[in-house]
Amino acid sequence: MGPVIAGSLGALFALGVLLLVAGLRRSERPLSTGPSTSLWRRLNNLWASWSSIRKLWVVASFVVGLLVAVTTGWLIAIVLVPAASLGIPALLSEPPQREIATLAGLDRWVRLLAPSIATGKSIRDAIVSTRAQAPAVLSTPVTRLVTRIDQGWTTKEALLAMADELSSADADAVLAALAISSTKGGVGTRTTLTALSENTQERLHALREISSERAKPRAVVRQVTIITLIVLGGSILLGGNFFEPYRSPLGQVLAVGLAASYVGALVMLRRRTTPAPAARFLRGSP
């Protein structure tokens, strides 16, 4: 296995790691199907979204892998070192809880609307008067909601458009109730908001319990992985010629296969502990 082949494998693996991380990240809104979603542009956007420390960590991982390969003769280090420092933390990190964050923001927003409606305001007026106090996660959607209302949209149409923007089944339930109440001229609005807030609280409690249960196997695997890496690193440093067979081309191929199997298991674990988004039932006007 010559340096050219090793370098090519390292470059291909770097691309694979970036694609894996890009696939694990959840977009805040559905991606369009236009030219802007090209692979190169997505990779550029992913790189631009990282902090300077994270970028430095990525570069350092590949540099360290190259140095280890040159000094020890283990060309496989070009692949394994970046995999351990980039892929494993990404796979074992907590996935984003977008559904919970959105539903918690909607719960606070509904509770914010209730006092304004209690003074005799309509849902439309309550939304407009409290837009500056909306939770951070809903700041942009609520601003757009008010802008649509100011442009002449009905409150129902604007709420349905907000539901499309949030693209969440739980948000659909909340915004559908508000949209229906907005067409009744305020009749029963307070009762609706009270029941809606109670239902949202119950749903939030259930989602948080589910998230807590899903986090338990990730915590166990995280601990096992850290212990395994520490023991493996110590064995390589202190084990003498125990790992000598893995210096041969066949041994390095086998090492890559073993590492790939372990990473594949981590990928399956993450997929099983990351809930799929529930199917939406509400659609705004085209």
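Biologist: Which residues of helix α10 are buried?
Modeller: This is a predicted model, in which local features need pLDDT of at least 70, side-chain atom pairs count only at pLDDT 80 or more, and totals for chains, interfaces and linings use all residues. Residues are numbered from 1 along each chain as its sequence is written, and side-chain values use heavy atoms, with hydrogens and water left out. Helices (H or I, at least four residues) and strands (E, at least two) are DSSP runs numbered from the N terminus, while buried means under 20% relative accessible area, exposed over 50% and partly exposed in between, with a 1.4 Å probe and protein chains only. In α10, the buried residues are Thr189, Leu193, Leu196, Ser197, Thr200, Leu204, Leu207, Ser211, Arg218 and Thr225.

Biologist: What are some of the elements that cover the buried residues of α10?
Modeller: Contact here means heavy atoms within 4.5 Å. The cover over the buried residues of α10 includes α4 (77-92), α5 (98-118), α6 (123-129), α9 (169-182) and α11 (249-272).

Biologist: How many Å apart are the end C-alpha atoms of α10?
Modeller: The expected span of a helix is 1.5 Å times one less than its number of residues. Helix α10 has 50 residues (189-238) and should therefore span 74 Å, and this agrees with the distance between its end C-alpha atoms, 72 Å.

Biologist: Which residue meets the side chain of Glu213 in a salt bridge?
Modeller: A salt bridge is a side-chain nitrogen of Lys or Arg within 4 Å of a carboxyl oxygen of Asp or Glu. An α-helix has 3.6 residues a turn, so residues three or four places apart point the same way. Both partners lie in helix α10, three residues apart, about one turn of the helix. At 3.1 Å from N to O, the side chain that meets Glu213 is that of Lys216.

Biologist: Which residue meets buried Asp172 in a salt bridge?
Modeller: Asp172 counts as buried because its relative accessibility is 0%. Its side chain joins that of Arg280 at 3.0 Å, N to O. The pair links distant parts of the chain, 108 residues apart, with Asp172 in helix α9 and, in the segment after α11, Arg280.

Biologist: On which residue is the kink in α4 centred?
Modeller: Helix α4 has 16 residues and reaches 21 Å from its first C-alpha to its last, close to the 22 Å expected. It is mostly covered, with 12 of its 16 residues buried. The bend at a residue is the angle between axes fitted to the seven residues ending there and the seven starting there. The kink in α4 is about 40° and is centred on Ala83.

Biologist: Is Leu67 buried or exposed?
Modeller: Leu67 lies in helix α3 (residues 52-72), and together with Val59 and Val63 it forms a nonpolar patch on the surface, with about 260 Å² of accessible area. Patches are made of residues with over 30% relative accessible area and no salt bridge, joining like charges within 9 Å and nonpolar side chains (Val, Leu, Ile, Met, Phe, Trp, Tyr) within 5 Å. Accessible areas come from the Shrake-Rupley method with a 1.4 Å probe, and for residues only the protein chains shown count as cover. Because its relative accessibility is 52%, Leu67 counts as exposed.

Biologist: What share of the residues in the protein chain is buried?
Modeller: The protein chain has 11 helices and zero strands, and its accessible surface comes to about 16700 Å², of which 65% belongs to carbon and sulfur atoms. Of its 286 residues, the share that counts as buried is 34%.
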